[in-house]
Each structure stands twice: as structure tokens, then as C-alpha cells.
Amino acid sequence: MLMISHVQFHLTETPFLSASVSSECMASTTITRSIKRKLSSSSSSPSSATSSVKRIIIKTFHNYSLSPEHHTKQLLFQKKRAVTYRKKYYASQKTSSRRKKQIASLKQMIFDIKKKYALSTDALTILDSTFSGIPQAIMKRMLNNLRTKKRMAKGEYPKEIKSFAMTLQFYSSKAYNYVRKTFNIALPAPSTIRSWMAKVDCYPGFTKVALDAIKTRADNFRKVNFQPLMGCLMLDEMAVKKEIQAEKHSQAVWGYVDVGTNVHIDNDREEATQALVLMIVGVNDNFKLPIGYFFIHSISGSEKANILREALLQLAYTGIVVLGITCDGPHVNFKMMQELGCRTTDVNNLKPYFENPVNNTKVYAVFDVCHMLKLVRNNWASSSVFLDPEGREIRWEFIDKLHHLQDAEGLYLGNKLRQKHVQWRKAIMKVNIAAQTLSNSVADSLEFLNKDLKLKDFENADATVKFIRNINDLYDILNSRNPFGKCMNTPLRASNEEYWRPRVENILEYLKNLKRIDGTPLYLTQKKVPFLGFIISAYSLLHIYDNEVKLNNSLKYVLTYKFSQDHLELFFCSIRCRNGSMNNPSCLQFYHTYRRMLMNIAVENNTGNCLAQDCTQLLPIDDILKEPDISEISARRRKDSDIGELEDRLEITIPVSLNEFSENVLSYISGFVVRSIKKHMSCTQCLNELETYYDDHDSSLQLIKRKSKGGLLYPTISVRQICKKIERKIQQTYSILGSLPSGRYLINMLMKESHEMLVDNNIFPGLKDHVFDYAPYEMCHKKTY
């Protein structure tokens, strides 16, 4: 104790040691223990102990006092550590690079599939989506198996790999073999996939595996939501090729009529020309699934009714509640509904439902509104004239005149009416052509030409405008697909019933009183199908809403698109896609494709969706290494030399006048320009110079007022003057050259015109001094995100 006290006394007397011990040495437990250990082991005088402590402190805090050999050893040690860490860093970089190459090889593989095996874009999209959904852990497991050269057993294939393998082989067997070879046989063999599909019995008739899947879905839905699963049953025919084929392994003969008897060898039977397919679509759940198919030649309404009764019996086993049956508009389907118990002929005494033979619940008849819309267009265009309830003429002639006027002016009144809409017979099956013809935008254009411009060719177009608006609104209400839709696209819910129900009831009364030119009601003529179909479908969906939303509270709302036949049509498109450019597969091809589609759907229900997604492709090296074409270079030079001659020809000034029609269209376009500019500008003073309010004395704003439902913008005079200037330049250039210049030259020419107008004219008078307040690209003028 005396020695330690003596050392502490000497430390306090030493200036440079006192500060070190008080601030650093005493704070370090390691140095303190070294000092105590040195003092306790020392048997000499206090002065020798003090010198030892001094050496410990100097060695710790004053490294410059160490020998060069010590620094050399420390340097070598640190260099070795640096080499070790550098090797680890390089190793991690190589690992990352290998993973990037693996990802790149997948992209290149899909690109090679497209190049070598000519797969469609939709098929490649589905493949890339399916494979991109595989987690990294599964990919790592697969790559580890490749490194160890071990093949995976059948039971070890992940469900995601199964989905990808079956989807790829669905589109092309050659492409699948190529991919399997590329991945060193990491994917299952084709025989393994065939063994998976062999377990699914998909012969004509009702598909038991599909019904079992629906039963499982319904049971799970009831457990989670405490209410039954509801669905809509739909049926439609798909044309098949008349061809007799024998299956190799079973020697079964395909191509004859087969309604599920599983008897395939009978040469006396009639050859099948159609496949009748039944599908169930969830109303309060998001799923669809085919439940059976039948090869038929021709079928009567009573035979279809028997098939539907059997389908309802099969679906009763699954526990799903069938709310409606959807079909298209042939007369045989009306006969089928009558056989089931519906009354569909008298619109004043309709019964749009029948009792389910299993539980006596009401099943409603729904006719596909897309087919009804096409038939309305076809009947109106072929008849030329209908009579509305007030006896006014509804004339197709106005559609022709509107198209000719827009085509002659080169401008359009905010609608999509083109030549293909007038010559509709060339695209008679396309729903979008009919929907764009019978749309509010066409009605707005006719009303604008009649009431605002008062053109003689469009006098008395009020009845036609009302007819188009009624058909458009009814189609939108019966085709709602978004729970948050607005206006007529809203779902049927209690909160907005006072908005859509009166509109539906008024349109139904309007359709009942439409007449032919001789005064006969349309629902009593040979062209009654679309009008009866719309009326019956509307009443059925109104009853479903009243029962399930208002009375039973089993649904929050009704999305009417759930009762659309589009779901079945998309299934037919997938079947046709499997067989390349062949729209009508044979019976044997339909059977194999149906089984593959059902297998993919089964994988989809168990492991996740196998969706159609896009493929990100690498840039082909051929495009980079391609030698420049001499002819292209010379053509480019000739084009550059022709620019001077082109500018000389455009120096000629031709006066161009704009009529009231053109000015209204240009004002409408100017409003869109203002809306586009507002997305990228936040300066209040600049925005005030772009937008104004409606002026009754300004006749060029009448089209915007007519079409606006509160969302269109009224451009200022300055914006309209610039658009008019550009339009005059376009018409002048077209008059001189006979066509418009292509490429960047046209854009530069129009930009030059607009810049000259900004400099030479009194455009945007409120910004005369404001332009000097800020830099051109200062943040107050540009929005930040």
C-alpha cells in the first residue's frame, strides 16, 4: 500500500503523466490492471515501480516511441488482413455477377424461344410472368441441384415450377424441351407432366375434378365469410372442326357427337360441329371455372334445358348458390328459357326467372348485354329508321352524315366515329365498334350540330340523340365492373339506388314503346331479340339486387359484369391460342386443350395465379453489329437535300379560313392542351392565363359546354389563338404538299410557328412583365413530385 501511494504521489507531481492518468489511463480498465499487476509483482523501491508505470503509459499513448521493427510487423499484419478482406469482396462480387448472369440468361432464354419457336406475344407474357413469380429461395434450391448434378424427384418439384412447366408446354412442346435443356434438365420431364394431367378425367360431360374444386372453394368461403358462395352459370358454343381422329394410346375415335356417354367408337353417329361449354363465375368471389362440355351438331331448346337442369343438380352438390344463367341471343336460347319456366315473349307479363329443381330458389335469366348491343346496332343500321314512343324518327342517316362531315373537315367532335363504324358489316362481331357508335360522345356531337351550329343536315336529330343516350346508359349500367365506378358505371348498391333505378325504369319503358316504321312494336317483330334481351336482363338484375342486397343482405352490391359472357369468351380465346392460327380445333384437340387449361386453373387455385404477363427482352446483338445499309445512307442524304426545297415551297402563303365547326373543335382541343400543361406547372399567374370561364357570347365554346359534365376546361383566347395558328399552318402545308412532312421536321415547323406568334402578337397579356420575374426553369413554374 505504501508503494502504491508513493507511485500515485509521483504521478501527480509529473505534469504530462498527471493529465494522462486522470483522463485516459484511469478510464481504461486494461491499462489500470497492467499497472496494478506491475506494482504488485514488483519488490523493488517505489522509484523503480514508478519508472515501470511510466513505460507502460508511454508505450500505450505515444506509439512513436516504439521501434521500427514493431511498426513493420504491424504493417505486414494489416496488409494480410487487407488481402483477406479483398478476396472476400471479390468473391461476393463474383457471386452477385453470377446471379445477374442467371437472371440475364432467363431473359435471353425467353427471347430465344420467341425467335426460334415463334411463340405469340401473349404466350411469352404468361411465361415470363409465371417464372418471375418464383421466389429466390426456390431458384437457389434449383441451382444447388444443378451444381451437385442431382435431379429433383417428382414430389420435390415446387408448385410454382409445376405451374411454369405446364404453362410453357401448353404453348409449345419444342420450346419447353429447349428451356429444359438450357437449365440442365432442372424442369420436369414431359412424361412427368403427362402423368400429372393423366389424373384429370376431362372426357365430354361434367368434369368431376372441377366440381370438387368448386365444392372446396364453397366450403372455405362459408367458413371465412359465414355466408354461401354465389355464382352465375353461363353457357355458349364454340365451333369445332369436322374431323374424325383416333387417339393413339386408347384407340378411341373422336369427332362424333358426344354428350357424356363416354362411347367414342360409333361410325353411324353424326359428326360434331360445336362444343357446348358450361362455366361458373363467382358473384361474391373472384373466380371462374368450366364445369363441363359437350360435342354437339345441333341442339334444341328442350335439350339445352335438360343439360342446364343436370348442371344445377351437379352444382347443388358443391354448395354454391346459382343466381342466374347467362347466354347469348339465338332463338333457341329463348326457347330454352321458356322450357325452364321463364316467360319471355310478353314484355307486360314477364317472368325472368325459374325455380331451381333442387331447392326451389329463383334462378334468373340474363342475356349477354354485349351481344344485345351489337344486335341493336345491326337492326337499326339495316332498318335505317325506328320510331320512338312520341312517333319521331330515329334515323341511322345522321350517323353517316356525322362521319362524312368530320371526314371532310379533318377534325372530330370528341368522338371515335370512323369509317369502320359506318361500314360495320366488316367488323360485325366487334363489340367496341358498336359501343363507340352508340355512345354519349356521338350523341353530344349530333346535339351540338343540331342545337348549337343549327346545321340543316342535322335538323330533327333529337330523337336519334335520345335513343343513343338511352342505349348507352343501359349498357353501362348492365356492364359495371368497378366497385368504385361513377355515373352509369356504378355498381347496384343501396347508397346510389335513387340515382340509377329511375334511369333504368325510364329506359325500359322507352324500349317497350319503340316501334318499326309501320307502327309495330319492335318486341313483336322478327328483330325483337336485342330489345327483349335488354329488358329481360335489366329486370333480372333488378330482382337479384332487391333479393340479395336489400332483402337478404347477402351482397353489399351487385357488379353486373359478373353476369357477362366475356368470361367464357376469354376461355374460348385461350383454347384457340393453344392451336396456333386454327380458330376451330378438332374434337381431340379441344379435349387435350381443355384438360391442359383445367390443369393450369387447378394449379392456379392451389399455388397462385398463372397470369398473362410481359417478357422483358435483352437487346439483340444482331442489331448492334449490323452493318449500315448504303441505300439507307443515300436515302438519308437525299432527304436532307430535299429539306431546302421543301422550305422554299412552304414559303408560299395560302389563306386558310376556319368555320364555326372547326373553331369549336379547336377550342375543345385547346382545353386538353391546358389540362396537359397544368400537370407540369404550379405558377398561379401563369395558370390564370391558360384557363377561363364560359362566355355566352363566345360561340367557339359551345361544344365544350355541350360535352362538359363538370370536368372540361375552358381555354383562354390566347391558347385558342395559338391552336388556330397551328391548325392553319397544318392545313396550308397539306394544301401545298398534298401530305404532311414526317418525322421531326413537322414538329419543328409547328414549334417555330407558335414561337413567332408569342413574339409578334399580344399573346398572354397578363404575362408581359411576369416573364422577367423568374428564371425560365425556376421551381415555381414546374411541379415537383
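This report describes strands, a helix, a surface patch and salt bridges in a predicted model.

## Basis of the description

Because the model is predicted, local features need pLDDT of at least 70 and side-chain atom pairs count only at pLDDT 80 or more, whereas totals for chains, interfaces and linings use all residues. Residues are numbered from 1 along each chain as its sequence is written, and side-chain values use heavy atoms, with hydrogens and water left out.

Helices (H or I, at least four residues) and strands (E, at least two) are DSSP runs, numbered from the N terminus. Strand 7, which covers residues 321–327, is mostly covered, as six of its seven residues are buried; buried means under 20% relative accessible area, exposed means over 50%, and partly exposed lies in between (1.4 Å probe, protein chains only).

Two strands pair if DSSP finds at least two bridges between them. Strand 2 (residues 230–239) runs parallel to strand 7 and is joined to strand 7 by five bridges, and Cys232 has Gly324 of strand 7 as its bridge partner. Strand 9 (residues 362–367) is also parallel to strand 7, with four bridges between them, and here Ile325 has Ala365 of strand 9 as its bridge partner.

## Helix 20

Helix 20 (residues 497–512) has 16 residues, and at 1.5 Å a residue these should span 22 Å, which agrees with the 22 Å that separates its end C-alpha atoms; the expected span is 1.5 Å times one less than the number of residues. The buried residues of helix 20 include Glu497, Trp500, Val504, Ile507 and Leu511. Among the elements that cover the buried residues of helix 20 are strand 11 (393–395), helix 19 (462–477) and helix 21 (529–551), where contact means heavy atoms within 4.5 Å.

Arg501 is buried, with a relative accessible area of 15%, whereas Glu505 counts as partly exposed at 40% relative accessibility.

## Other salt bridges

Side chains of opposite charge can pair when their charged atoms come close. The structure holds 27 salt bridges, each defined as a side-chain nitrogen of Lys or Arg within 4 Å of a carboxyl oxygen of Asp or Glu. One of them links Lys208 with Asp212, with 3.0 Å between the closest N and O atoms; the two are four residues apart in helix 11 (residues 208–225), so about one helical turn separates them. Lys208 is exposed, with a relative accessible area of 56%, while Asp212 is partly exposed at 25%.

In the salt bridge between Asp388 and Arg392, the closest N and O atoms are 3.0 Å apart. Asp388 counts as buried at 2% relative accessibility, and Arg392 counts as partly exposed at 29%. A network of salt bridges links Asp444, Glu447, Lys451, Asp452, Arg469, Arg706, Lys707 and Lys709.

## A nonpolar surface patch

Ile669, Phe672, Val673 and Ile677 make a nonpolar surface patch of about 320 Å². Patches are made of residues with over 30% relative accessible area and no salt bridge, with like charges joined within 9 Å and nonpolar side chains (Val, Leu, Ile, Met, Phe, Trp, Tyr) joined within 5 Å; accessible areas come from the Shrake-Rupley method with a 1.4 Å probe, and for residues only the protein chains shown count as cover. Ile677 is found in helix 26 (residues 660–678) and is partly exposed, with a relative accessible area of 32%.
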